[in-house]
Amino acid sequence: MNPEILIELANTTMPYGRYQGVRLCDLPEPYVVWYHTKGFPKGHLGELLGTLYEIKVNGLEYLLEPLKR
């Protein structure tokens, strides 16, 4: 895994929707799971959300905390 992706997850905000402006790493797990069942968007945001899903489902959110700016 590319460590740059973890930094992006900790500092990129959701560009639209109910959680617009919220850091991706701070999105609620049920929302990320909903996206997983619905299908992640295409492109880089979808890749980030897919990675975030794996992190949240496996309880690894603590890895992102020190990376927040």
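Buried means under 20% relative accessible area, exposed over 50%, and partly exposed in between, computed with a 1.4 Å probe on protein chains only. Helices (H or I, at least four residues) and strands (E, at least two) are DSSP runs, numbered from the N terminus. The structure is a predicted model, in which local features need pLDDT of at least 70 and side-chain atom pairs count only at pLDDT 80 or more, while totals for chains, interfaces and linings use all residues. Residues are numbered from 1 along each chain as its sequence is written, and side-chain values use heavy atoms, with hydrogens and water left out.

**View 1**
Three residues of α2, namely Tyr 31, Val 32 and Tyr 35, are buried. Because they cover an arc of only 100° around the axis (the arc being that of the directions from the helix axis to the C-beta atoms), they lie on the same side of α2. Pro 30 and Thr 37 are exposed residues carried by the face of α2 that is turned away from its buried side. Helix α3 is included in what covers the buried residues of α2. Just after α2, Gly 39 takes a positive phi of about 115°.

**View 1. Leu 49 and its surroundings.**
Leu 49 lies in helix α3, which spans residues 44-57, and it counts as buried because its relative accessibility is 1%. When residues up to four places away in sequence are not counted, Leu 49 touches Leu 24, Leu 27, Val 32, Tyr 35, Phe 40 and Pro 41, where contact means heavy atoms within 4.5 Å. Among these residues, Val 32 and Tyr 35 are buried in α2. Leu 24 and Leu 49 are 25 residues apart along the chain, and their C-alpha atoms are separated by 7.5 Å.

A salt bridge is a side-chain nitrogen of Lys or Arg within 4 Å of a carboxyl oxygen of Asp or Glu, and a search of the whole structure finds 2 of them. In one, Lys 68 pairs with Asp 26, with the closest N and O atoms 2.8 Å apart. This pair links distant parts of the chain, 42 residues apart, since Lys 68 is in the segment after α3 and Asp 26 is in the loop between α1 (3-11) and α2 (29-38).

Lys 68 counts as partly exposed because its relative accessibility is 26%. Asp 26, at 39% relative accessibility, also counts as partly exposed, and Glu 65 counts as partly exposed at 46%.
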